Amino acid sequence: SEVGLVSEHFSQAPQKLSFYSWYGSARLFRFRVPPDTVLLRWLLQVSREGGTACTDAEITVHFRSGAPPVINPLGTSFPDDTSVQPSFQVRVPLSAALLSNASVNVSHPAPGDWFVAAHLPPSSQKIELKGLAPTCAYVFQPDLLVTRVVEISIMEPDVPLPHTLLSHPSYLKVFVPDYTRELLLELRDCVSSGSLGCPVRLTVGPVTLPSNFQKVLTCTSAPWPCRLLLPSPPWDRWLQVTAESLVGPLGTVTFSAVAALTACRPQSVTIRPLLQSSQNQSFNASTGLPSLSPDHQDLGRSGRVDRSPFCLTNYPVMREDTDVVSVHFQLLDRVSVRVCQNTPSMMRLRLNTGMDSGGSLTISLRANKTEMRNETVIVACVNAASPFLGFNSSLNCTTAFFQGYPLSLSAWSRRANLIIPYPETDNWYLSLQLMCPENAEECEQAVVHVETTLYLVPCLNDCGPYGQCLLLRRHSYLYAGCSCKAGWRGWSCTDNSTAQTVAQQRAAALLLTLSNLMFLAPITVSVQRFFLVEASVYAYTMFFSTFYHACDQPGEAVLCILNYDTLQYCDFLGSGAAIWVTILCMARLKAVLKYVLFLLGTLVIAMSLQLDRRGIWNMLGPCLFAFVIMASMWTYRCGHRRQCYPTSWQRWTFYLLPGISMASVGVAIYTSMMTSDNYYYTHSIWHVLLAGSAALLLPPPDEHTEPWTCSQKFPCHYQICKNDREELYTVT
């Protein structure tokens, strides 16, 4: 290994991957890249756990520095005014082998947080029952190998740094303070032992994904001296410079590196001291004599000060944390920003806590209507790390290592909005300036006040009426995502390409609720045949299934008489108990044994639902046990009577065979045919078939039973007598 380099290894616990349906399906990993890192290497390992029924899969892995990657595997649309960069991703196939590996190298990475998100392909719409589908687990684990430099030369502003370059690269860095307008890197007095000229390649700045604005300067054929000018370099951080020799392994190159900083002279908007103002008094800004803080004066001594009056007007901003991943930025002592032609107006938004990158940054600008003329335009740029200040020369909002987001206001469009999902962890800057494209003289005296609304929210508009904003967690890191419903999709549930109309939502609600009225058939048959316990179970199932599906609707047609979890539990319990009592009733057990099994089976179903509500064995296990009891009793009667049981061919033809057919079709639909798209009518058919089969399969009543006649005597010859005179009950 090269001298001056050390290696470090970081790893995180593996996570089980999921098929993608929304952002919560992706598994997020967060790593911290230390400063002075020159190379990081991701080792991606994917393993498959399951039987031969598991299918081949292709895992998609996304990378991003500073914030979680913004991904869109479903190809849905983003909300209006949202700016999204395509994520950097790699695909890892997993076929016959149970283990697959891949690696990704990043040279000169940006220090700080790096995020890795992995997921399987988009999920199918089929509703799989837990316990029936093959259990295939795809486990993903990333490891991070870091190579960090410990021998690094520090460049002081305007001080030549002599350097001798050998076969291996050399690393330098320069500190860029706040309010730096330009950074000029220059190579002087270059002498090479192996060739003419200056065979040196400079790599300046870090690599950030998905976009990369790293600068590479080759001085072999460049005009002498070799220079690189960086407008608006990132403030308040070290800038890494890598020098490599191009003369071969045996040659040497000597040169002097110089870093020249051009300081920006800011005009600070003074604020009335807070201690001298009462809490109920609004603060009024004073824009009198421009003032320069001591820090700004020190910066001016360390570099060349721009002799223009001021390069920007700084408006102080207060950060108010309102909730998790929720921040409100507001101007101190004022409600609007004064924008003019001479200097840009700048606001700093501090999103550098490390916990702000999991939401959405929303910026809204509104210009004063009376101050906007037809020929004036307000141009705004939103940038991270450093503000864009070159409005007079360019309007592309590009700083040294960041492509900003442009906004514009005019007399015809006095409002502008910008949404940045998952903003990078950094200081963000909003800079504005007044422009007159056709006639610059018209803007000399013009002043426009712009109101700003600056928020960081977990989810835009709280995911709207057809979505739910959910906070997700990876260790101590929190981020937000929208879970959509009623066919709506997208980052903020604004894509209505597959959305259900209100009429479709109401039709679905009516299908799922009114189909439960089919349980009136087994209730009526049970009452007529004196199976009162069975009738009460069917009534319980009909009631809670109706109101559970009325509460389970994703759209506007929703009615919840109890909380959702209670209704769901009661619906699942009623369905299992209805099948349980129907099969046991068909077994024609003795009354005491039958009712004991009714109660015990219902208690076992209730327990299993508490353990795993969606497990298939909650319903399948008790039903199979009841079927074994019924088959045993029928077999015993067949042998005892020496004829088939039930004995009547009419019962087999008109009741048992149709009932068994309906139950079989219902089970087939319930286990293998339901999808998210056809759930409304397939589940409604399941209701009809389940209730219809119960009405057909119930046995006829006992021949000698008279349940509606009340016996006047109790067992053991006790009799209740009424003493009319004393109005007391005695036992004789």
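I first note that helices, in H or I runs of at least four residues, and strands, in E runs of at least two, are taken from DSSP and numbered from the N terminus. The model is predicted.

Entry on the sheet. I looked up the strand order and found an open sheet of five strands, E11-E13-E18-E15-E16, with mixed pairing. Strand E11 (153-155) and strand E16 (215-218) are at the edges; each has a single partner strand, so one side of each lacks a neighbour in the sheet. From one strand to the next, the twist averages 25 degrees. Val174 lies opposite Leu239 in E18.

Entry on Arg613. I located Arg613 in the loop that links helix H6 (591-611) to helix H7 (617-641). Is Arg613 buried or exposed? Its relative accessibility is 18%, under the 20% cut-off, so Arg613 counts as buried. I recorded a polar contact of 2.9 Å between the side chains of Arg613 and Asp565. Beyond neighbours within four places in sequence, Arg613 also contacts residues including Gln568, Tyr569, Phe572 and Asn618.

Entry on H7. I found that H7 has 25 residues and spans 35 Å from first to last C-alpha, close to the expected 36 Å. Its buried residues include Asn618, Cys623, Ala626, Met630 and Trp634. Among the elements that cover the buried residues of H7, I listed helix H5 (564-586), H6 and helix H8 (649-672). Just after H7, I noted a positive phi of about 55 degrees at Arg642.

Conventions
Residues numbered from 1 in each chain as written. Predicted model: local features only at pLDDT ≥ 70, side-chain atom pairs only at ≥ 80, totals over all residues. Heavy atoms only, no water. Pairing = 2+ DSSP bridges. Axes fitted to C-alpha atoms, helices over the stretch in contact; angles between N-to-C directions. Buried < 20%, exposed > 50% of the residue type's maximum accessible area, 1.4 Å probe, protein only. Polar contact = N/O pair within 3.5 Å; in protein donor to acceptor, adjacent residues only side chain to side chain. Contact = heavy atoms within 4.5 Å. Expected span 1.5 Å × (residues − 1).
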